[in-house]
Amino acid sequence: MEIVWQTPANPPEAKDYIRRNGRRFVRPYYFEFISHVKNRWAGKTIVDMFAEEFKGRPYEYFVSAVKSGRIQVDGQIVPITYVVRSSQKISHFLHRHEPPVMAWDIPVLHEEQDILTICKPASVPVHPCGQYRKNTVVGILQAENGLAPLFPVHRLDRLVSGLLIFARTADKADQLRQQIEAGLLQKEYIAKVIGVFPEGEQVVNVNVNYNAREGVSTVEAPDQSNSLPLKGKTASTRFTRICTNGHHSIVLCKPITGRTHQIRVHLKYTGHPIANDMLYLSNSATIRSSQGMGSDRTARSAASRATYMPGFIQEELDLMGGHSNPAEEFNIDPMCTHCPNLAPTGYDGLEEGLWLHCLRYSGPGWSYECPYPSWATLSCQPR
């Protein structure tokens with residue numbers, strides 16, 4: 001079989017996807033990952049660098065990949081003892097398995113010459129990142145709707161659903177980004193949180209410090225007894241309770257700033273975290289770098305072993321099991337550590353999303369509102 005290596009220049013196509021048991025899978029494909037040696041990588045052997053930075057595969061895999069030429073430096077095959085230098089080009093040729101996402105369609109709410117507005121499903125990242133390239137909003141819209149190019153001007157976390165706006169031109173994207181930076185655009189969310197949220201508007205003004213390596217944000221409140229400067233970025237969110245049933249509350253969230261996981265970590269700070277947010281329900285930080293998984297997936301994997309998780313977990317795991325993966329769906333790569341499964345090894349199938357929904361997005365002279373909030377799961381009787 002002749003291997004056809006794909007790069008980011010290869011657009012996703014409708015035939016790349018498989019829908020199964022309510023999830024959208026991507027047929028595994030051969031891909032060339034390209035990166036450049038960071039300063040913290042320099043001075044390490046090529047094998048040690050990969051083993052320490054990319055923990056999703058065993059050490060022995062990287063030894064074999066370097067020996068076979070699947071990992072190259074500046075386009076050349078090197079020995080496993082080769083020591084990398086800063087800024088060198090690293091190519092990793094592999095059989096790529098993307099994690100599945102929920103198989104919901106992506107409704108197009110409004111389309112103009114230079115703007116596209118859609119309702120993003122939970123579990124789907126906005127654009128290529130990490131393990132995802134084709135299983136993204138941008139990739140799916142290009143493959144199934146022929147909508148390209150699309151320029152994201154804002155984003156929603158992968159697990160968050162709701163209103164998402166794309167520019168159709170670079171000039172329009174720049175215009176919208178300038179409005180965001182000037183504070184002229186506003187977003188509103190609805191969230192289902194634990195407990196009885198207080199009545200009246202609650203304003204949280206505490207810094208948010210995002211740890212990119214671990215994928216977790218923490219808050220930093222001013223301490224009168226400590227004169228050390230805060231490390232996090234200033235962040236402000238306004239919350240208003242819509243209703244409560246005595247156990248959970250529906251809360252309107254208006255972020256004044258736009259920090260990573262801001263709403264999620266600010267709700268935790270109030271003592272009312274999002275009801276199914278495993279990453280911020282616990283008081284202990286989730287260490288993802290040692291497990292080779294994303295922070296939310298690591299948190300869910302740990303939570304699946306805890307006694308407080310609901311009983312649907314086993315049903316979800318059963319749905320993910322038993323995939324025969326017939327030959328017509330993909331070819332098995334003898335070097336691949338993920339074959340013969342469609343999904344990467346270790347995927348736990350618990351990716352429905354957060355009870356957090358972007359409801360409204362408005363700017364100077366215009367406003368969009370999403371008609372698809374998940375009221376089936378978010379609603380509660382007013383009290």
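The structure is a predicted model, in which local features need pLDDT of at least 70, side-chain atom pairs count only at pLDDT 80 or more, and totals for chains, interfaces and linings use all residues. Residues are numbered from 1 along each chain as its sequence is written, and side-chain values use heavy atoms, with hydrogens and water left out.

**Aspartate 157**
- Aspartate 157 sits in the loop between strand E9 (151–152) and strand E10 (161–167); strands are DSSP runs (E, at least two residues) and helices likewise (H or I, at least four), numbered from the N terminus.
- Aspartate 157 counts as buried because its relative accessibility is 15%, the cut-off for buried being under 20% relative accessible area (1.4 Å probe, protein chains only).
- Beyond its neighbours within four places in sequence, aspartate 157 is in contact (heavy atoms within 4.5 Å) with Lys120, His261 and Arg264.

**Second largest pocket**
- A lining of 34 residues surrounds the second largest pocket, with Lys187, Thr257, Gly258, Arg259 and Gln262 nearest its centre; a pocket is an open set of points on a 1 Å grid where a 1.4 Å probe fits, with protein on both sides within 12 Å along at least five of seven lines, and lining residues have an atom within 4 Å of a point.
- Elements giving two or more residues to this lining include strand E11 (186–194) and helix H5 (262–270).
- E11 supplies the largest share of the lining, four residues.

**Whole protein**
- The protein has nine helices and 18 strands.
- Of its 383 residues, 49% count as buried.

Notes. Buried means under 20% relative accessible area, exposed over 50%, partly exposed in between (1.4 Å probe, protein chains only).
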